[in-house]
Amino acid sequence: MEEELLHLDGITICHDEHIVLRKASLTLRNGEFVYVIGKVGSGKSSLLKALYCEIPLQEGHGVVMGYDLGKIKLKDIPFLRRKLGIVFQDFQLLTDRSVHSNLEFVLKATGWKGHKEITMRIDDVLEQVGMHNKGYKMPHELSGGEQQRIVIARSLLNDPKLILADEPTGNLDPETGMQIVQLLHDICKHGRAVIMSTHNYPMVDNFPARVVKCENTCLHDLGYRTNMRT
């Protein structure tokens, strides 16, 4: 049986003092790909933020990568986040430095020391996302799709077992968005779990996987779906 990476049991999450998810439960094992779908404001992003301790649980029990979300100490949150890969919709790349320097900054901030090891790791993750010849580029010199590939490369730096992708195609055209989702599925096939929030149902149809839906403060596990119109 695959390793359990995430277990949520009856959690309640608030955003701006409003309950967005109530008594939600979810289990995720290594190698699974899960879409979190729902309308804007339904709690998709709040769920992902709760998983990396950006917002607290109001009630219930949650464990992510061995860390108890209800009991985790402030000093331990960075260690949890190092076990996760986080992909943001708005990229959040440092605009004053090159792609290579962006990735180097993350590695040094998470404890990497040797120049040779850092360079090899950066080359490796850029190769994984098809951007091996773009390390010298500045972010503004890249297309939106290329920037998102760099963000995915950044999420892979510390070899996480779980990738959290929050609307990763939201700022991309449909064709580029499809390429990014294909890349995330390829990453999943190589032994990582992926949770991706989206409200793009055609994307889910094109790349079927397990689906959970945020609706009316509830989290519904719809199972493996091949067609969101059925």
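The legends below describe close-up views of a predicted model.

Local features are reported at pLDDT of at least 70 and side-chain atom pairs at pLDDT 80 or more, while totals for chains, interfaces and linings use all residues. Residues are numbered from 1 along each chain as its sequence is written, and side-chain values use heavy atoms, with hydrogens and water left out.

**View 1. Packing of helices α5 and α6.** Helix α5 spans residues 144–156 and helix α6 spans residues 174–189; helices (H or I, at least four residues) and strands (E, at least two) are DSSP runs numbered from the N terminus. The two helices pack at an angle of about 20°, with their axes 10 Å apart. Axes are lines fitted to C-alpha atoms, for helices over the stretch in contact, and angles run from 0 to 180 degrees between N-to-C directions. The angle therefore makes α5 roughly parallel to α6 (angles under 35 degrees count as roughly parallel). Gly145, Gln148, Arg149, Ile152 and Leu156 of α5 meet Thr176, Gln179, Ile180, Leu183, Leu184 and Ile187 of α6, where contact means heavy atoms within 4.5 Å.

**View 2. The largest nonpolar core.** This core has 38 residues, and those with the most contacts inside it are Phe33, Tyr35, Leu126, Ile152, Leu184 and Met196. A nonpolar core is a set of buried Ala, Val, Leu, Ile, Met, Phe, Trp, Tyr and Cys residues joined through side-chain atoms within 4.5 Å; buried means under 20% relative accessible area, exposed over 50% and partly exposed in between (1.4 Å probe, protein chains only). Helix α6 supplies the largest share of the core, 6 residues. Leaving out residues up to four places away in sequence, the residues touched by Tyr35 include Val181, His185, Met196 and Phe207.

**View 3. Methionine 178 in helix α6.** Methionine 178 is partly exposed because its relative accessibility is 24%. Beyond its neighbours within four places in sequence, methionine 178 is in contact with Pro202, Met203, Asn206 and Phe207. The C-alpha atoms of methionine 178 and glutamine 147 are separated by 15 Å, and these residues are 31 residues apart along the chain.

**View 4. Positive phi at glutamine 92 and glutamate 167.** Most residues other than glycine have a negative phi. Glutamine 92, in the loop between β6 (84–87) and α3 (99–109), has phi near 55° and is partly exposed at 44% relative accessible area. Glutamate 167 lies in the loop between β7 (162–166) and α6. Its phi is about 50°, and glutamate 167 counts as buried at 9% relative accessibility.

Technical notes:
Angles under 35 degrees count as roughly parallel, over 145 as roughly antiparallel, 65 to 115 as roughly perpendicular and the rest as oblique.
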